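Let's go through this one together, a feature at a time. Have a look at it first.

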Amino acid sequence: MRFDWQISERELNTIRQYVLIAQRVFADVARIIPNEDLMSGNPNFLARCDDSNHHMGGMRMSTSDATGIVDTDLRLFGLTNTYICSSAVFPNSGFSNPTHTVLALALRLSDHLS
């Protein structure tokens, strides 16, 4: 059996639209810099697409906005009512699946919010 994974132009357009929406939504709290190759339609962007990347660490938890994106209660720095509950808040990651840790964070966040 052979699996031939291809990224369509429709998927790339969806990613571009997501980036533009994220720029607008987070304009007051974050500067989102899109990948130039993605936004221009340069085929070089496809070389960066594979199945081994992960979002862990993209919105790092920290005690300070100088070193992270969310505080230890998972609240986005600079906002009063926006929380991120995802493995993206991990300060670092390894090879293991993050599901149990994310579930523990979700339970902790629910306790904090209730």
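**Reading pockets and burial**

By class, the pocket lining described here, that of the largest pocket, has 19 nonpolar, seven polar and four charged residues. Ala, Val, Leu, Ile, Met, Phe, Trp, Tyr, Cys and Pro count as nonpolar, Asp, Glu, Lys and Arg as charged, and the others, Gly among them, as polar. This is a predicted model: local features need pLDDT of at least 70, side-chain atom pairs count only at pLDDT 80 or more, and totals for chains, interfaces and linings use all residues. Residues are numbered from 1 along each chain as its sequence is written, and side-chain values use heavy atoms, leaving out hydrogens and water.

Q: Is Asp-71 buried or exposed?

A: Buried means under 20% relative accessible area, exposed over 50%, partly exposed in between (1.4 Å probe, protein chains only). Asp-71 is buried, because its relative accessible area is 12%.

Q: What does Asp-71 touch, not counting residues up to four places away in sequence?

A: Contact means heavy atoms within 4.5 Å. On that count, Asp-71 touches Met-61, Ser-62 and Phe-77.

Q: And Leu-107, buried or exposed?

A: Leu-107 is exposed, since its relative accessible area is 58%. The C-alpha atoms of Leu-107 and Cys-85 are 9.8 Å apart, with the two residues 22 apart along the chain.

Q: Which residues make up the largest nonpolar core?

A: In soluble globular proteins, nonpolar side chains tend to be buried together. A nonpolar core is a set of buried Ala, Val, Leu, Ile, Met, Phe, Trp, Tyr and Cys residues joined through side-chain atoms within 4.5 Å. Here the largest has ten residues, including Met-56, Leu-74 and Phe-90.
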